[in-house]
Amino acid sequence: MSKRSGITRRGLFRGIGTATLVAGCATPKAPPPEGPAQTPPVTPGVTLGPGPAPLQFELNGQAVTTEVPPSATLLDTLRLRLDATGTKKVCDRGSCGACMVLVDGQPQNSCMTLAHDVAGRKVTTVEGLGAGHDGGQSPLQRAFVERDALQCGFCTPGMLISCTALLARTGGAAPSADAIQDAISGNLCRCGTYPHVVAAVKSAAGGGA
Amino acid sequence: MKPFSLIRPASLDEARAAVTAAPEHVLRAGGVDLIDQMKEGLARPSALVELRTVSDAPALRELARDGDGAWSLGALVTLAQLAAASEFGAELAALREAAGSAATPSIRSMATLGGNLLQRPRCWYYRHAELVCLKKGGSHCLAINGDHRYHAILGGGPSWIVHPSTLASALLALDARVELAGAEARALPIAELFVGPKEDATREHRLAPGEILTRVTIPAAAPGQRSAYEAVKEKQSHDWPLAEVAVNVTVESGTIKAARVALGHVAPIPWRAEAAEAALVGQQPSAALIERAAAAATEGAKPLKRNAYKIPLTRGLVRATLHRALEVASPA
């Protein structure tokens with residue numbers, strides 16, 4: 001995971017508010033990258049919990065080993081244990097799409113997914129979309145900036161996940177406006193930037209807008 | 001959510017044993033409605049029993065047609081699979097359209113056929129953790145004197161919920177059956193899966209404890225059979241229907257031989273509009289006939305104070321689906 005330099009709003013709050021908690025919550029951090037993740041498939045016949053149970057999966061290309069109870073959602077595990085706070089928590093009921101991540105390439109609401117559901121699978125959050133691209137941003141992310149496809153930005157991580165999956169399905173070809181609207185129909189944007197999102201997806205696919 | 005164990009059975013028998021082991025053990029398929037209820041405190045299971053790890057029952061995941069043309073749809077088939085089923089012909093268009101109309105693309109890829117049929121109602125009084133409505137052991141339905149704009153106009157009382165399953169409307173129109181694994185395996189016409197509030201207001205389906213809905217079957221289509229589904233929502237993308245209609249008609253030599261008209265989100269159970277069906281059978285398709293059938297579809301409706309709007313809305317949907325399924329041009 002990327003390390004922020006300098007003082008950030010989140011870092012400042014975290015430093016003030018959680019310093020005394022750190023000793024009691026030794027969060028296992030993702031190990032340094034060392035090749036493909038060791039990903040055991042889910043073993044039938046096993047019962048997990050109700051206490052914390054070991055969990056391994058791949059997060060943005062890195063193997064993650066952690067321990068969470070079966071009741072932990074993937075969203076809370078990402079944000080609260082794995083420091084992947086790009087994924088946002090808004091409705092927490094699968095209605096708004098702010099929490100969307102890719103699980104084996106498929107957009108999924110991480111708030112309605114249990115962390116243990118992704119054992120052995122590949123999870124990509126908004127933090128992982130820019131990997132391997134110039135400037136750390138995918139063409140779609142650059143198009144979002146160029147086309148002004150966000151205002152407050154809270155829906156943006158989920159929008160980018162839905163649109164990244166759409167472009168993967170089309171093989172990079174420009175989707176129709178209808179296809180884009182359908183792909184983001186589970187992403188609520190209360191600022192109303194939908195037309196700019198559609199324009200950004202078309203532009204990223206080289207279709208103009 | 002209250003802490004719980006996650007049981008991953010390898011076989012259907014293990015799953016049944018785990019679910020029957022304690023009343024607080026609950027079966028989980030896609031888990032969309034279940035996790036929602038658990039977050040609200042409406043369901044407090046001590047263990048979730050995963051249907052998705054069961055590997056000895058291929059029928060659970062099947063989406064297949066047998067040699068006679070009958071369909072077998074596994075309980076774990078997702079709404080996304082049904083919405084994308086290009087192998088469904090005009091006879092199953094209602095099911096494909098209904099599946100594609102429900103929820104969002106990402107929820108459709110998690111949500112299963114079995115879970116969609118067995119989900120709990122969306123009534124806001126039922127869903128409110130602090131309110132004790134009739135469904136939760138209270139003395140009466142809070143919708144009667146409350147805000148009941150989304151509630152039942154047909155078959156209401158003593159509870160006025162509307163059944164939440166969009167697939168149920170389509171499957172009712174398609175004469176589907178459900179297969180249940182239990183102490184003894186059994187199959188029911190889908191209409192018999194649902195329990196109305198006059199029989200028991202605290203539940204919506206007839207599964208016995210430990211019974212598992214394993215698949216839905218749809219009989220082979222007759223020549224000339226076509227179906228269609230339409231819904232109206234406050235927001236046309238990603239919303240619950242205000243009303244929805246699925247029709248299934250068979251036209252032979254210019255005459256309607258068979259008709260099913262199923263209404264959703266207007267009654268506590270998926271509702272067959274038998275008067276509309278009777279108006280259609282034996283007749284030749286025409287705009288005037290469709291108008292009569294649409295008017296008959298809401299026969300017997302008893303709206304509450306603030307939901308009478310659902311009557312013309314439902315009639316309009318019946319008209320639109322019939323025009324499409326019968327290929328009769330809409331009057332200008």
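Helices and strands are DSSP runs, numbered from the N terminus, with at least four residues (H or I) for a helix and at least two (E) for a strand. In the predicted model described here, A:Asp83 lies in the loop between helix 2 and strand 4 of chain A. The phi angle of A:Asp83 is positive, at about 65°, although this residue is not a glycine. Most residues other than glycine have a negative phi, and most peptide bonds are trans. Two cis peptide bonds are described below, one from chain A and one from chain B.

In chain A, an open sheet is built from five strands in the order 3-2-6-4-5, and its pairing is mixed. Strand 3 (62-68) and strand 5 (106-109) of chain A form the edges, each pairing on one side only. From one strand to the next, the twist averages 40°. Strands of a sheet pair through backbone hydrogen bonds, either parallel or antiparallel. Strand 2 (residues 53-59) and strand 3 of chain A pair in the antiparallel sense, over seven bridges. Within strand 3 of chain A, A:Thr65 is the bridge partner of A:Gln56. Helix 2 (residues 74-81) of chain A packs on this sheet and touches strand 2, strand 3 and strand 4 (100-103) of chain A. The direction of helix 2 makes about 105° with that of strand 3 of chain A. Helix 4 (residues 156-170) of chain A lies across strand 4, strand 5 and strand 6 (122-124) of chain A, and runs at about 35° to strand 4 of chain A. The loop between strand 1 (46-48) and strand 2 of chain A holds A:Pro50. The peptide bond from A:Gly49 to A:Pro50 is cis, with omega near 10°.

Helix 3 of chain A takes part in two helix pairs, with helix 6 of chain A and with helix 4 of chain A. Helix 3 (residues 139-146) and helix 6 (residues 194-204) of chain A pack at an angle of about 135°, and their axes are 8 Å apart. Helix 3 of chain A passes helix 6 of chain A in a right-handed crossing. On helix 3 of chain A, the contact is made by A:Pro139, A:Leu140, A:Ala143 and A:Phe144; helix 6 of chain A contributes A:Val197, A:Ala200, A:Val201, A:Ser203 and A:Ala204. By class, eight residues of this contact are nonpolar and one is polar, with no charged residues.

The axes of helix 3 and helix 4 of chain A come within 10 Å and cross at roughly 130°. Helix 3 and helix 4 of chain A are therefore also oblique to each other, and the crossing is right-handed. A:Leu140, A:Gln141 and A:Phe144 in helix 3 of chain A meet A:Thr156, A:Met159, A:Leu160, A:Cys163, A:Thr164 and A:Leu167 in helix 4 of chain A. This contact has six nonpolar, three polar and no charged residues.

In chain B, four strands form an open sheet in the order 9-10-11-12, with antiparallel pairing. Its edge strands are strand 9 (225-233) and strand 12 (271-272) of chain B, each of which pairs on one side only. Strand 11 (residues 255-264) of chain B is joined to strand 12 of chain B by two bridges, and the two run antiparallel. B:Leu263 stands opposite B:Trp271 in strand 12 of chain B. Helix 8 (residues 166-173) of chain B packs on the sheet, touching strand 9, strand 10 (241-252), strand 11 and strand 12 of chain B. The direction of helix 8 makes about 20° with that of strand 10 of chain B. B:Pro158 is found in the loop between helix 7 (124-127) and helix 8 of chain B. The peptide bond from B:Gly157 to B:Pro158 is cis, with omega near 0°.

Helix 10 (residues 287-297) and helix 11 (residues 310-325) of chain B pack at an angle of about 145°, with their axes 8 Å apart, in a right-handed crossing. The residues of this contact divide into eight nonpolar, one polar and three charged.

Between the chains, 32 residues of chain A are in contact with 31 residues of chain B. Chain A and chain B bury about 2400 Å² between them, 57% of it on carbon and sulfur atoms. A:Arg93, A:Met112 and A:Leu114 supply 24% of the area that chain A buries against chain B, more than any other three residues.

Terms used:
Residues are numbered from 1 along each chain as its sequence is written. Chains are lettered from A and ligands numbered from 1 in the order in which they are written. This is a predicted model: local features need pLDDT of at least 70, side-chain atom pairs count only at pLDDT 80 or more; totals for chains, interfaces and linings use all residues. Side-chain values use heavy atoms; hydrogens and water are left out. Axes are lines fitted to C-alpha atoms, for helices over the stretch in contact, and angles run from 0 to 180 degrees between N-to-C directions. A crossing is left-handed if the near helix is turned anticlockwise from the far one by less than a right angle, and right-handed if clockwise. Contact means heavy atoms within 4.5 Å. Ala, Val, Leu, Ile, Met, Phe, Trp, Tyr, Cys and Pro count as nonpolar, Asp, Glu, Lys and Arg as charged, and the others, Gly among them, as polar. Two strands pair if DSSP finds at least two bridges between them. Buried area is the accessible area (1.4 Å probe) that two parts lose on being put together, summed over both. Angles under 35 degrees count as roughly parallel, over 145 as roughly antiparallel, 65 to 115 as roughly perpendicular and the rest as oblique.
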